[in-house]
Amino acid sequence: MATGPLTGLRVVELAGIGPCPFAAMTLADLGAEVIRVDRPGDGEFFPGWEHADVLNRGKKSVVLDLKQADAVEAALSLVASADVLLEGYRPGVAERLGLG
């Protein structure tokens with residue numbers, strides 16, 4: 001059971017690089033429920049070692065191909081139930097994917 005000042009807060013993180021994974025890890029450390037939306041094929045450099053990435057600490061993960069309409073629907077459903085959405089894409093990418 002998660003405890004901390006952010007217990008009860010739900011965060012959806014659209015997987016990327018840069019400050020978003022660190023921010024989501026910090027929110028998870030403070031008790032937030034963090035659901036990371038990963039792309040298919042992430043972790044190809046070291047398959048099976050995804051659990052060793054410290055930035056994934058305390059997060060749940062779901063794999064969605066956001067270039068597919070049904071995956072975008074699933075992501076939007078997750079976002080609708082979230083308090084926070086974190087995405088670190090370049091400007092316009094979320095809109096192009098249908099998540100803007």
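**Exercise 1.** Which residues in α2 are buried? Work out how they sit around the helix, and keep in mind that this is a predicted model.

*Solution.* 
- Step 1: Start with the helix itself. Helix α2 covers residues 69-80, so its twelve residues, at 1.5 Å a residue, should span 16 Å. The C-alpha atoms at its ends are 16 Å apart, which agrees.
- Step 2: Now pick out the buried residues of α2: Ala 71, Val 72, Ala 75 and Leu 78.
- Step 3: These four are on the same side of α2, because they cover an arc of only 115° around the axis.
- Step 4: Here's a handy rule: an α-helix has 3.6 residues a turn, so residues three or four places apart point the same way.

**Exercise 2.** What covers the buried residues of α2?

*Solution.* Look around the helix: the cover includes β1 (10-14), β2 (33-38), β3 and α3 (93-97).

**Exercise 3.** Is Lys 59 buried or exposed? Describe its surroundings too.

*Solution.* 
- Step 1: Find Lys 59 in strand β3, which runs over residues 59-63.
- Step 2: Check its relative accessible area, which is 15%. Buried means under 20%, so Lys 59 is buried.
- Step 3: Skip the neighbours within four places in sequence, and Lys 59 is in contact with Glu 13, Pro 21, Ala 24, Met 25, Val 34 and Arg 36.
- Step 4: Take Ala 24 from that list. Ala 24 and Lys 59 are 35 residues apart in sequence, yet their C-alpha atoms are 8.1 Å apart in space.
- Step 5: Finally, follow the side chain of Lys 59: it reaches the backbone oxygen of Leu 55 at 2.8 Å.

Conventions. Residues are numbered from 1 along each chain as its sequence is written. This is a predicted model: local features need pLDDT of at least 70, side-chain atom pairs count only at pLDDT 80 or more; totals for chains, interfaces and linings use all residues. Side-chain values use heavy atoms; hydrogens and water are left out. Helices (H or I, at least four residues) and strands (E, at least two) are DSSP runs, numbered from the N terminus. Buried means under 20% relative accessible area, exposed over 50%, partly exposed in between (1.4 Å probe, protein chains only). Contact means heavy atoms within 4.5 Å. A polar contact is a pair of N or O atoms within 3.5 Å; within protein, one must be able to donate a hydrogen and the other to accept it, and residues adjacent in sequence count only if both atoms are side-chain atoms. The expected span of a helix is 1.5 Å times one less than its number of residues. The arc is that of the directions from the helix axis to the C-beta atoms.
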